[in-house]
Amino acid sequence: MKTAWLGIFYMCIPSGIAVGYVYGGLVGDHFSWRYAFWGEAILMLPFAILGFIMKPLQLKGFAPAKSNNAQTATETIIQEGQDPEPLNGKDGALSTRADSRYQASNTPSGSTISPNNVNQFSRFFKDMKVLLCNKVYVVNVLGYISYNFVIGAYSYWGPKAGYNIYNMSNADLIFGGITIVCGILGTIAGGCVLDFLTSTISNAFKLLSTATFLGAIFCFSAFCCKRLYGFLALFSIGELLVFATQGPVNYVCLHCVKPSLRPLSMAMSTVAIHIFGDVPSSPLVGILQDRVNNWRETALILTSILFLAAVIWFIGIFSHGVDRSNEEDEHHVTRIDRSNTTPLFEEKTADTTESSSA
């Protein structure tokens, strides 16, 4: 049920966009657009507070968050090629702190870059190289960028296009309602279908390419339709299929890399789909509309990019992706975990000894 849970989680994205349509339209009509932003800020405040006070989760592939000092010292020793075993004795915690103070004392006072920061940058670039050399990950993100290019433009220009093509009097509410229903049902259905087919990277790419291709056909046909009700029926089916990709595409991002690379994998995927997807799509579609001056043609050209996303994800079927979610990174996980085996009581004793000697 992992993919189904992913689908439920990512269901919040289309649902939020859809609720934004309805909320913005209602508040803007009855009050002012400023009230919509003030209300959103108030609603988001509890979540911002929870982000500061909630305890961090223990992620698979990472050492416990409590032992930052031990982790830093162990990383330094690993960089130098030494064995971290000497830190495991009674004086392990004390030796760790002593090494940290020694490193700090030998750092030039005018220097703003510590060895730990250098190690972090070095590890980041190594991890980025691993991601960029991962064919499965690159293909998946390229398809996701193409997909998000269309969805981002739909969310921005959809109501205006609907108003101009079909003379919708309440385009915000109509598009919002369709997106709420189809986004929720499609996203959950995509995750459940992948779990039913057996969650593998190959099956995920099959579902991604099939759902996107069929969704593109229905959305393209919808904008070719002359009647409003025909458009609504075809576009609803198209969005239902298109939103079924949310669970599988993020499943691939998580399972094509080792556990220690999962956070970076998801972060770079999110950055890429926004920088190259929905951020430039809205102004580019606006420029296209200024040149074409026909919303139907503009919508058809935009929708055709979904076929490109389907082709890219179809290529991923033959990439022979291997599920690496259960692999262990020896240098990144196991060796750091060994440095954190000092019993809690002995660690407190070391802290007391250190404070009394000071």
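What covers the buried residues of α13? The cover includes α7, α9, α12 and α14 (305-316). The legends below take this and other sites in turn.

This is a predicted model, where local features need pLDDT of at least 70 and side-chain atom pairs count only at pLDDT 80 or more, while totals for chains, interfaces and linings use all residues. Residues are numbered from 1 along each chain as its sequence is written, and side-chain values use heavy atoms, with hydrogens and water left out.

**Figure 1. The whole protein has 16 helices and zero strands.** Helices (H or I, at least four residues) and strands (E, at least two) are DSSP runs, numbered from the N terminus. Of the 358 residues, 41% count as buried. Buried means under 20% relative accessible area, exposed over 50%, and partly exposed in between (1.4 Å probe, protein chains only). The accessible surface comes to about 20,300 Å². Carbon and sulfur atoms hold 67% of that surface. Areas come from the Shrake-Rupley method with a 1.4 Å probe; for residues, only the protein chains shown count as cover. Among contacts between residues at least 6 apart in sequence, 82% join residues at least 24 apart. Contact means heavy atoms within 4.5 Å.

**Figure 2. Helix α13 (295-303) is largely enclosed by the rest of the structure, because seven of its nine residues are buried.** The buried residues are Trp295, Arg296, Thr298, Ala299, Leu300, Leu302 and Thr303. Helices α7, α9, α12 and α14 are among the elements that cover them.

**Figure 3. Helices α8 (residues 171-197) and α9 (residues 201-224) pack at about 135 degrees, with axes 10 Å apart.** That angle makes α8 oblique to α9. Axes are lines fitted to C-alpha atoms, for helices over the stretch in contact, and angles run from 0 to 180 degrees between N-to-C directions. Under 35 degrees counts as roughly parallel, over 145 as roughly antiparallel, 65 to 115 as roughly perpendicular, and the rest as oblique. The crossing is right-handed. A crossing is left-handed if the near helix is turned anticlockwise from the far one by less than a right angle, and right-handed if clockwise. From α8, Gly190, Val193, Leu194 and Leu197 meet Asn203, Ala204 and Leu207 of α9. By class, this contact has five nonpolar, two polar and no charged residues. Ala, Val, Leu, Ile, Met, Phe, Trp, Tyr, Cys and Pro count as nonpolar, Asp, Glu, Lys and Arg as charged, and the others, Gly among them, as polar.

**Figure 4. Helices α7 and α9 pack at about 20 degrees, with axes 13 Å apart.** That makes α7 roughly parallel to α9. The crossing is left-handed. Val136, Val139, Asn140, Tyr154, Ile165 and Tyr166 of α7 meet Ile201, Phe205, Leu208, Cys219, Ala222 and Phe223 of α9. The contact has 11 nonpolar, one polar and no charged residues.

**Figure 5. Asn167 and Asn293 have positive phi values.** Most residues other than glycine have a negative phi. For Asn167, phi is about 55 degrees. Asn167 lies in the loop between α7 (135-166) and α8 and is exposed, at 63% relative accessibility. For Asn293, phi is near 60 degrees. Asn293 lies in the loop between α12 (262-292) and α13 and is exposed, at 64%.

**Figure 6. Leu264 lies in helix α12 and is buried, with a relative accessible area of 15%.** Leu264 touches Phe124, Asp127, Met128, Leu131 and Tyr137, not counting residues up to four places away in sequence. Leu264 and Cys253 are 11 residues apart in sequence and 9.9 Å apart in space, C-alpha to C-alpha.
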